Number of protein chains: 2
Amino acid sequence: MILLDGKKISEEIKNEIKFSVEKLIVNRQRPPHLAAILVGEDGASLTYIGSKIRSCDQVGFKSSLFRYSSDISEIDLIKKINDLNLDSEIDGFIVQLPLPSHIDEHRVLLSINPKKDVDGFHPTNFGKMALGLKSFVPATPYGIMKLIEKYDIQTEGKSCLVVGRSNIVGRPISILMSLRGKYANSTVTIAHSKSKNLLELTSKADIVIMALGIPEFLKSDMIQKGSTVIDVGITRVEDKSKKNGYTIKGDVDFKSVSKKAKYLTPVPGGVGPMTIAMLLQNTLDARLLNSS
Amino acid sequence: MILLDGKKISEEIKNEIKFSVEKLIVNRQRPPHLAAILVGEDGASLTYIGSKIRSCDQVGFKSSLFRYSSDISEIDLIKKINDLNLDSEIDGFIVQLPLPSHIDEHRVLLSINPKKDVDGFHPTNFGKMALGLKSFVPATPYGIMKLIEKYDIQTEGKSCLVVGRSNIVGRPISILMSLRGKYANSTVTIAHSKSKNLLELTSKADIVIMALGIPEFLKSDMIQKGSTVIDVGITRVEDKSKKNGYTIKGDVDFKSVSKKAKYLTPVPGGVGPMTIAMLLQNTLDARLLNSS
C-alpha cells in the first residue's frame, strides 16, 4: 500500500508558495493577504481558523481575523463582507462555516466578491468549475485532485465512487473527477443518504472518495483489491486517553483497508493538510490576479 | 411501455404559460419578451430558432430575433448583448449556439446578465443550480425533470446513468438527478467518451439518460427490463425519401427498446418539445422577476 502523504505534499506546495511570496518581496511588492471571518465560538471552527492563520505565517502571507459573537445580525455580517470586498489590500477572504442558524449561509456567500472568494463557494466560481472554466476550486476537492496528480494515479476511464453530496466536498469532487483532463476523465458515481446498495457500489469502484462523516465506515471487505481510497472524513470521537478528550477518526477503517487498497490517505495527515495548502494556493492566485 | 409524451406535456405547460400571459394582459401589464441572437446560417440553428419564435407567438410572448452574419466580431456581438442586458423591455434572451470558431463562446456567455440568462448557461446560474439554489435551469435538463415529475416516475435511491457530459445536457442533468428532492435523489453515474464498459453501466441502471449523439446506439439488450429511458439524441440522418433530405434519429433504438423499457421518450416528440416549453417557462419567470 502506498500512503498518500498529504502532510508531505502539502509542505512541498507550501514551500513553492513561500518561494513565490519571496519573489514578490524581492520585487518590492506586498505579500498576499488572507482575511477570515469567524462568527461564534465553535471549537472545531476555532481549530481550523487557527491552523489556517499559522499556515499563512509559515508561507509569509499577511492574515487578518475578524471575530464576531454569534448574535451578529446577517446585515452587519454582510456589511463587513462588503468592506472586505472593497479593501484593495485584502486579496481573498473566507467566512468560516457553519454560521449561526439565524443567518442565511447562501445569502452571505452570495455577497462575497467572486474574485476574492478563495473558498470557491460562490455560485459564479462553482459554476465556472462545473463548466470546466478557470476558477477558485474549493480547497478540499482541489487538495484531493492535487494528491492524485502528485502520486500519478491513473484516473482516465476508471470508475470513481464519491460517497456524500455536500456542496463543499462530495458535489465538487464528483464534478472535477468527471471533467476532461489527464487526472480526471473518470466515470463518476455520486452516492448519498438516499442511495441503496452502497456495498455494491464501493466494491466495484476503482477509486472511492469517502465524504460521509461516519467514523471507520468503510471496511476492507467493502472495497476492491488494488483500489484507491481517499478519506475526507474528520469526526471527533470521544477519547479519554487524550489530553483534549477526543481523537479524530476518518470514514475509513485504516487498519483493514490499508491491507487491500493500493493507495490510501491517512487521517490525520491526508486530505486535511492538503485543504489548507490549496486555500493558500487560491490566495496566492488571487494576489497575482489582483496585481495584474 | 408508457410513452413519455413530451409533445402532449409541453402543450399543457404552454397552455399554463399562455394563461399567465393573459393574466398579465388583463392587468394591463406587458407580456414577456424573449430575444434571440443568431449568428450565421447554420441549418439546424435556423430550425431551432424558428420553432422558438413560433412557440413565443403561441403563448402570447413578444419575441425579437437579431441576426448577424458569421463574420461579426466578438466585440460587436458582446456590445449587442450589453444592449439587451440594459433593455428593460426584454426579459430574457438567448444566444443560439454554436458560434463561429473565431468567437469565444464562454466569453460571450459570461457577458449575459444572469437575470436575463433564460438558457441557464451563465456560470452564476449553473453554479446556483449545482448548489441546489433557485436559478434558471438549462431548458433540456429542466424539460427532462418535468417529464419525470409529470409521469410520477420514482427516482429516489434509483440508479441513474447519464451518457454524455456536455455543459448543456449531460452535466446539468447528472447534477439535477442527484440533488435532494422528490423527483431527484438518484444515485447518479455520469459516463462519457473515456468511459469503459458502457454496456455494463447501461444494463444496471434503473434510469438511462442518453445524450451521446450516436443514432440508435442504445439497443434493448443493453438495458434492464422495466427501466426508464430518456433519449436526448437528435441527429440528422440522410434520408432521400424525405422532402428535406433527412430524418431525425435519437440515441435509442426505439423499436427494440420500447419492448423492454417501462418508460421511454420518443424522438421526435419527447425531450425536444419539452426543451422549448421550459425555455418559455424560464422567460415567464424572468418577466415576473423583472416586474417585482
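Does Ser51(A) count as buried, exposed or partly exposed, and how many C-beta neighbours does Ser51(A) have inside 10 Å?

**View 1. Ser51(A) in its helix.** Ser51(A) counts as partly exposed, because it has 14 C-beta neighbours inside 10 Å; a residue is called buried if 20 or more other C-beta atoms, placed from the backbone, lie within 10 Å of its own, exposed if 12 or fewer do, and partly exposed in between. The residue belongs to helix 2 of chain A, which covers residues 43-59. Helices (H or I, at least four residues) and strands (E, at least two) are DSSP runs, numbered from the N terminus. Although 222 residues separate Ser51(A) from Pro273(A) in sequence, their C-alpha atoms are 9.4 Å apart in space.

The model is a predicted one, in which local features need pLDDT of at least 70 and side-chain atom pairs count only at pLDDT 80 or more, while totals for chains, interfaces and linings use all residues. Residues are numbered from 1 along each chain as its sequence is written, and chains are lettered from A and ligands numbered from 1 in the order in which they are written.

View 2. Chain A contains ten helices and eleven strands. Its radius of gyration, taken over C-alpha atoms, is 19 Å, close to the 19 Å given for 292 residues by the globule rule, so chain A is as compact as a globular protein of that length; the rule is 2.2 Å times the number of residues to the power 0.38. Among the 292 residues of chain A, 50% count as buried.

View 3. Twelve strands form an open sheet with mixed pairing, in the order 1(A)-11(A)-8(A)-7(A)-5(A)-6(A)-6(B)-5(B)-7(B)-8(B)-11(B)-1(B); two strands pair if DSSP finds at least two bridges between them. At the edges are strand 1 (2-3) of chain A and strand 1 (2-3) of chain B, each of which pairs on one side only. Within chain A, strand 5 (residues 159-163) runs parallel to strand 7 (residues 207-210) and is joined to it by four bridges, and Leu161(A) stands opposite Val208(A) of strand 7.

**View 4. The two copies.** Chain A is superposed on chain B by a rotation of 180° with 0.0 Å of shift along its axis, at an RMSD of 0.0 Å, using least squares on the C-alpha atoms of residues with pLDDT of at least 70 in both. This is the relation of a two-fold axis.
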